[in-house]
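Visitor: I would like to go through this model and ask what its descriptions rest on. Please show it to me.

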2 protein chains.
Amino acid sequence: MSDIASVLKHLTHGVYVVGVADGEQTNAFTAAWVMQVSFSPILLALSINPKHSSYQLLKKSGVCSINVLSSAQQSMAAHFGQPASADKMAQGTWKKSVTGAPILQESLAYFDCEFSHEISAGDHQVVICRVREAGQLSAEGKRAMNYNETGDMDGSSDLYS
Amino acid sequence: MSDIASVLKHLTHGVYVVGVADGEQTNAFTAAWVMQVSFSPILLALSINPKHSSYQLLKKSGVCSINVLSSAQQSMAAHFGQPASADKMAQGTWKKSVTGAPILQESLAYFDCEFSHEISAGDHQVVICRVREAGQLSAEGKRAMNYNETGDMDGSSDLYS
């Protein structure tokens with residue numbers, strides 16, 4: 001890990017489960033690189049590895065959900081951080097949203113999004129999404145998980161050149 | 001504020017002071033919309049209002065610093081959240097970096113960046129920056145400020161259409 005990589009821990013990111021669907025085919029993955037980028041219209045940016053199968057689903061359908069994990073949902077973060085598998089969506093309760101993207105009912109809050117446009121950035125694609133609908137699903141008092149709380153769960157320390 | 005806007009508080013953002021310079025002309029502003037977007041190369045994304053004078057400086061010089069504020073630096077966040085003024089840079093200790101961008105010596109950590117490319121996103125520009133150098137400036141034990149800790153300091157609740 002480079003010197004720069006060790007300083008990156010001071011950046012603040014949350015932990016999210018991104019849900020994608022194309023017709024009956026669904027998938028979901030854990031992501032930390034999500035942020036707001038515009039007030040009007042309300043736009044979010046999601047940086048995603050284009051080699052993942054979820055990226056293809058997102059591009060084909062043009063929709064995704066961004067589900068906020070709370071600090072108590074470490075096992076959820078770990079589960080959806082695994083590679084795609086036949087039974088990955090068996091964990092959690094999923095409900096189809098207005099756009100058709102699956103919403104994780106156990107999340108703290110969700111954003112139901114439509115793909116707007118994107119830009120390549122190194123080994124990722126930065127996808128700009130328009131928020132069509134949003135909601136809070138858990139009672140007040142819970143707080144969003146901070147990515148630093150996950151340790152090196154995702155093995156990202158190996159991803160720096 | 002729309003219903004969607006009220007749910008946005010569940011997104012996790014840090015608080016940063018972004019330093020820009022073109023020759024002897026310098027400026028700095030508080031930003032929350034910063035995240036990592038690529039492992040290799042290491043790239044950060046910064047969403048910036050293109051109407052701000054700092055955006056022009058960043059584009060002219062092609063460099064900026066991203067300085068991480070700690071949870072104890074609320075007054076620093078407020079100061080650099082104000083509009084540009086003649087004496088804005090009088091607060092804080094600034095040191096010119098390798099790229100020429102000013103580094104805030106009181107910050108928890110900094111990233112010295114070069115402009116790579118950008119994309120428009122609603123009322124902001126998403127600037128992708130390559131990190132040339134980075135460092136931790138404060139002793140261990142301090143933690144980065146979370147944007148939610150600033151309340152509505154920046155008046156952003158008025159910026160939703």
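This is a predicted model: local features need pLDDT of at least 70, side-chain atom pairs count only at pLDDT 80 or more; totals for chains, interfaces and linings use all residues.

Visitor: How do you know what relates chain A to chain B?
Guide: A rotation of 180° with 0.0 Å of shift along its axis places chain A on chain B, with an RMSD of 0.0 Å. That is the relation of a two-fold axis. In chain A, the C-alpha nearest the axis belongs to His13(A), at 3.0 Å from it. The same surface serves both copies, since 98% of the contact residues of chain A recur in chain B.

Visitor: How many residues does each chain bring to the contact?
Guide: Chain A brings 44 residues and chain B brings 43 residues. On the side of chain A that touches chain B, at least two residues each come from helix H1 (3–7), strand S3 (34–38), strand S4 (43–48), strand S8 (109–121) and strand S9 (124–136) of chain A. S9(A) gives the most, with seven residues.

Visitor: What is the make-up of the side of chain A that touches chain B, in nonpolar, polar and charged residues?
Guide: That side divides into 27 nonpolar, 15 polar and two charged residues.

Visitor: Why is Leu46(A) called buried?
Guide: The cut-off is 20 or more other C-beta atoms within 10 Å. Leu46(A) has 25 other C-beta atoms within 10 Å, and is therefore buried. Leu46(A) is found in strand S4 of chain A. Leaving aside neighbours within four places in sequence, Leu46(A) is in contact with Val18(A), Ala31(A), Trp33(A), Val34(A), Ile66(A), Val127(A) and Cys129(A). The C-alpha atoms of Leu46(A) and Phe115(A) are separated by 10 Å, and these residues are 69 places apart along the chain.

Visitor: Which residues have the most contacts inside the largest nonpolar core?
Guide: They are Leu44(A), Ala45(A), Leu46(A), Leu44(B), Ala45(B) and Leu46(B), in a core of 108 residues. Not counting residues up to four places away in sequence, Leu44(A) touches Val34(A), Met35(A), Gln36(A), Val37(A), Ile66(A), Phe111(A), Cys113(A), Cys129(A) and Val131(A). In soluble globular proteins, nonpolar side chains tend to be buried together.

Visitor: What makes S4 and S9 of chain B a pair of strands?
Guide: Pairing needs at least two bridges. Six bridges join strand S4 (residues 43–48) of chain B to strand S9 (residues 124–136) of chain B, and the two run antiparallel. Six bridges meet the cut-off of at least two, and the strands therefore count as paired. Ala45(B) stands opposite Ile128(B) in S9(B).

Visitor: What do S8(B) and S9(B) form, and with how many residues between them?
Guide: They form a hairpin with two residues between them, and Gly122(B) in the turn has a positive phi of about 60°. Strand S8 (residues 109–121) of chain B pairs with S9(B) in the antiparallel sense over twelve bridges. Ser120(B) stands opposite Gln125(B) in S9(B).

Visitor: In what order do the seven strands of the open sheet of chain B lie?
Guide: The order is S2-S1-S5-S8-S9-S4-S3 in chain B, with antiparallel pairing. Strand S2 (25–31) and strand S3 (34–38) of chain B are the edge strands, as each pairs on one side only. The twist averages 35° from one strand to the next.

Visitor: Where does helix H2 of chain B pack?
Guide: Helix H2 (residues 53–61) of chain B packs on the sheet and touches S1, S2, S4, S5, S8 and S9 of chain B. The direction of H2 makes about 55° with that of S1(B).

Notes:
Residues are numbered from 1 along each chain as its sequence is written. Chains are lettered from A and ligands numbered from 1 in the order in which they are written. A nonpolar core is a set of buried Ala, Val, Leu, Ile, Met, Phe, Trp, Tyr and Cys residues joined through C-beta atoms within 7 Å. A residue is buried if 20 or more other C-beta atoms lie within 10 Å of its own, exposed if 12 or fewer, and partly exposed in between; C-beta atoms are placed from the backbone. Two residues are in contact if their C-beta atoms, placed from the backbone, lie within 7 Å. Copies are superposed by least squares on the C-alpha atoms of residues with pLDDT of at least 70 in both. Helices (H or I, at least four residues) and strands (E, at least two) are DSSP runs, numbered from the N terminus. Ala, Val, Leu, Ile, Met, Phe, Trp, Tyr, Cys and Pro count as nonpolar, Asp, Glu, Lys and Arg as charged, and the others, Gly among them, as polar. Axes are lines fitted to C-alpha atoms, for helices over the stretch in contact, and angles run from 0 to 180 degrees between N-to-C directions.
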